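Please have the sequence and the model at hand while reading.

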Amino acid sequence: MHIMRVSVIGGGYVGLVTGACFASRNAEVTIIDCDPKKVAAINRKEPPIYEEGLLEILNDCVGVTLSASHSYDSIPDADLIYICVGTPEGADGSADLSYIRQAVTDAGRRMQESRKYQVLVVKSTVPPGTVQNIVKPAVLAASGKREEEIGFGMNPEFLREGRAVHDFLNPDRIVLGADGDDAYSRMASLYESFDVMKIRTSPAAAEMIKYTANAFLATKISFSNEIGNICKQLGLDVYEVMSAVGHDSRIGPLFLNAGAGFGGSCFPKDVMALVHLATAAGVDPIILKAVLAVNENQPGRMIRLLQERCGDLAGKRIAVLGLAFKDNTDDIRESRAIPAIQLLKDAGAYVTAYDPMAATAMSEVFPDIEYCRTAAAALSHADGALIMTEWPEFCTLSEEFSLMRRQIIIDGRHMVTGPGVEGVCW
Ligand code: NAD
């Protein structure tokens, strides 16, 4: 088997996991990141993010098939160049493609030095048409090469943070959007050892597939939250309802958990980007706008439930358990804990917070709340508590609640039962 040389530009959640996983299979990988701290950490075999299984791969592969660099020196020799830089939400809600433009222009300049056919693949989530209308012209202009000398592709990533290595190595399907047969075969051979369905599409369809998948999953969550809000009002248990609903094979059991809403670096910005691009295309995205509206409301619902039970929150000590946007990660991007804490602060509450992994990250957003080393410390003498993240350890909390001044617990993740516990939708 030919050993592929792969340069991965962007060593964040997606780039690092992509690079590490390819290096653990059949490729020689250089991860390029402009952040020297990330580069140094990877080369020291220290994952800059927590992901189960990543440390083991770095231990096995760094210095053998994997290295990191802040320079683009590996580009001229690469068979494949993977673009994994961020595509954050722009000021108007559209996807900000400035990192993509910069990365592909810099890559294109170095591709000029290459004598061989190369394929440049975007893995970042980008709006339909980006590869064809933005990336391809930018790379061809920067490299001065002819169209047949470079192939282009879009290979969306469906991994979940917290289970990223597992998901990357065990995907449900691999989508390969290619602009020609040569680009497709090169991309497919990189995934040769993955025994799973490979779906060939155009780059634009691959781009749309990623947005559609994320929007559908976000819709399932907001739909469940709306049903949960209705069930609570009717005195019904939404978890009992959705569990039976999810047994319908046309619906499926996943992403039906009602609660505080979705966060993370993908769902909120990707649904927003789809709203923006639909509107620009002359389509009013009625459902997608409602998905975002329901999501925005859930943290406020939790604070209102807390106020109904605690009274005025001014001067009250409120414990926030869970800061990460979901369990098993230290990522707080768009975490539902952020609006919840902001609302608590606005109401004059004194906030104590606990998270097994994400306190350091959250202290950059809220330097002025109290971070505790244990859930018990955060709960001690609290007048109320919010559960914002589905950390498994919260399921075992029980005695700790008796440390509170008043046992008022609003659960946003269906984690705890017992005296004083009320769910956001149950
Ligand atoms: P991230 O912010 O964690 O990582 C991006 C990295 O790119 C950073 O380390 C940054 O330093 C680096 N970078 C930016 N510009 C660069 C440049 N010109 N040269 C070299 N390095 C550069 O982002 P992420 O979460 O890995 O997401 C990357 C893309 O993948 C986004 O489009 C995102 O929507 C998509 N995606 C993310 C996930 C996820 O769960 N995080 C899942 C699927 C898809």
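## Ligand contacts

A polar contact is a pair of N or O atoms within 3.5 Å. In this predicted model, a nitrogen atom of the ligand lies 2.8 Å from an N or O atom in the side chain of Y72, while an oxygen atom of the ligand is 2.5 Å from an N or O atom in the side chain of T87. R333 also takes part, with a polar side-chain atom 3.2 Å from an oxygen atom of the ligand. On its own the ligand has 840 Å² of accessible area, of which the protein covers 89%.

The ligand is surrounded by 27 residues, and the closest are D33, K38, T87, E161 and K269.

## Domain arrangement

The domain assignment divides the chain into domain 1 (5–201) and domain 2 (267–278 + 285–423). Taken over C-alpha atoms, the centres of domain 1 and domain 2 are 35 Å apart, and the contact takes 17 residues from domain 1 and 16 residues from domain 2.

## Interface between the domains

Between them, domain 1 and domain 2 bury about 1300 Å², with 48% of this area on carbon and sulfur atoms. Of the area that domain 1 buries against domain 2, Y50, E89 and E161 supply 36%, more than any other three residues.

Across the interface of domain 1 and domain 2 there are 2 salt bridges and 6 residue pairs in polar contact, both residues at pLDDT 80 or more. By class, the side of domain 1 that touches domain 2 has 6 nonpolar, 5 polar and 6 charged residues.

Technical notes: Residues numbered from 1 in each chain as written. Predicted model: local features only at pLDDT ≥ 70, side-chain atom pairs only at ≥ 80, totals over all residues. Heavy atoms only, no water. Domains from an automatic or database assignment. Contact = heavy atoms within 4.5 Å. Buried area = accessible area lost by both parts, 1.4 Å probe. Salt bridge = Lys/Arg side-chain N within 4 Å of Asp/Glu carboxyl O. Polar contact = N/O pair within 3.5 Å; in protein donor to acceptor, adjacent residues only side chain to side chain. Nonpolar A, V, L, I, M, F, W, Y, C, P; charged D, E, K, R; others polar. Near = heavy atom within 4 Å. Areas by Shrake-Rupley, 256 points an atom, 1.4 Å probe, with all protein chains shown as cover.
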